[in-house]
Amino acid sequence: MKRAWILAAALVSGIAPAAALAADAPAKAEAKAKAAPLTAGEVKKVDREAKKLTIQHGPIENLKMPPMTMVFRVKDASMLDGIEPGTKVRFHAEEANGGYVVTRLQKGK
Ligand SMILES: [Cu+2]
């Protein structure tokens with residue numbers, strides 16, 4: 001799964017896959033050192049009971065993820081207050097327990 005994203009990101013940016021894989025480790029350490037970067041997206045679906053939301057998002061730097069639409073969990077159901085399908089958001093997500101968790105979520109571009 002992760003490898004697929006790296007390859008997809010490499011294709012998008014035009015870097016050869018081998019180079020992207022070799023550059024992955026130092027880039028990851030760099031990303032961790034930075035303050036939690038925010039990614040722009042648009043909410044497509046909200047599931048308050050399951051504490052999940054679907055976001056169409058731009059490239060996520062810290063996760064090395066190309067733009068896509070996918071499901072994230074949220075840390076806390078209250079983060080979904082005022083969030084509806086169509087809401088433009090900026091968010092930070094982290095990998096946890098084989099899934100992706102939104103740790104910060106704010107409205108607006
Ligand atoms: Cu994604």
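Is Asn97 buried or exposed, counting the other C-beta atoms within 10 Å? Asn97 is exposed, because 7 other C-beta atoms lie within 10 Å of its own. The cut-offs behind such labels are these: a residue with 20 or more other C-beta atoms within 10 Å is buried, one with 12 or fewer is exposed, and one in between is partly exposed, with C-beta atoms placed from the backbone.

1. Basis. This is a predicted model, in which local features need pLDDT of at least 70 and side-chain atom pairs count only at pLDDT 80 or more, while totals for chains, interfaces and linings use all residues. Residues are numbered from 1 along each chain as its sequence is written.

2. Overall make-up. The protein chain contains two helices and five strands. Along the sequence they follow the pattern α-α-β-β-β-β-β. Helices (H or I, at least four residues) and strands (E, at least two) are DSSP runs numbered from the N terminus. Of the 109 residues, 16% count as buried. Among contacts with a separation of 6 or more, 47% come from residues 24 or more positions apart; a contact requires C-beta atoms, placed from the backbone, to lie within 7 Å.

3. Barrel. Five strands close into a barrel in the order E1-E2-E3-E5-E4, with mixed pairing. From one strand to the next the twist averages 55°; axes here are lines fitted to C-alpha atoms, for helices over the stretch in contact, and angles run from 0 to 180 degrees between N-to-C directions. Strands of a sheet pair through backbone hydrogen bonds, either parallel or antiparallel. Two strands are taken as paired if DSSP finds at least two bridges between them.

4. E1 and E2. Strand E1 (residues 39–47) is joined to E2 by six bridges, and the two run antiparallel. Val43 stands opposite Ile55 in E2. The hairpin of E1 and E2 has four residues between the strands, and there Lys51 takes a positive phi near 55°. Lys51 counts as partly exposed because it has 18 C-beta neighbours inside 10 Å.

5. E2 and E3. Strand E2 (residues 52–57) pairs with strand E3 (residues 68–74) in the antiparallel sense over six bridges. Lys52 has Arg73 as its bridge partner in E3, and His57 has Met68. The covered face of E2 carries Leu53, Ile55 and His57, whereas Lys52, Thr54 and Gln56 are on the uncovered one. In a regular strand the side chains alternate between the two faces of the sheet.

6. E3 and E5. E3 and strand E5 (residues 99–107) run parallel and are joined by two bridges. Arg73 stands opposite Val101 in E5, and Val74 stands opposite Val102. Core. The largest nonpolar core has twelve residues: Val43, Leu53, Ile55, Ile60, Met65, Phe72, Val74, Val89, Phe91, Ala93, Val102 and Leu105. Two or more of these residues come from each of E2, E3, strand E4 (88–96) and E5. E4 gives the most, with three residues. A nonpolar core is a set of buried Ala, Val, Leu, Ile, Met, Phe, Trp, Tyr and Cys residues joined through C-beta atoms within 7 Å. Val102, one of the core residues, is in contact with Phe72, Val74, Lys75, Met79, Phe91 and Ala93, leaving aside neighbours within four places in sequence.

7. Tyr100. This residue lies in strand E5. Tyr100 is partly exposed because 18 other C-beta atoms lie within 10 Å. Apart from residues up to four places away in sequence, Tyr100 touches Phe72, Ala93 and Glu95. Tyr100 and Val74 are 26 residues apart in sequence, and their C-alpha atoms are 8.5 Å apart in space.

8. Backbone angles to check. Most residues other than glycine have a negative phi, and most peptide bonds are trans. Asn97 has a positive phi, near 50°, and is not a glycine. Asn97 lies in the loop between E4 and E5. Lys51, also a residue other than glycine, has a positive phi near 55°, and its place is in the loop between E1 and E2.

Key
Contact = placed C-beta atoms within 7 Å.
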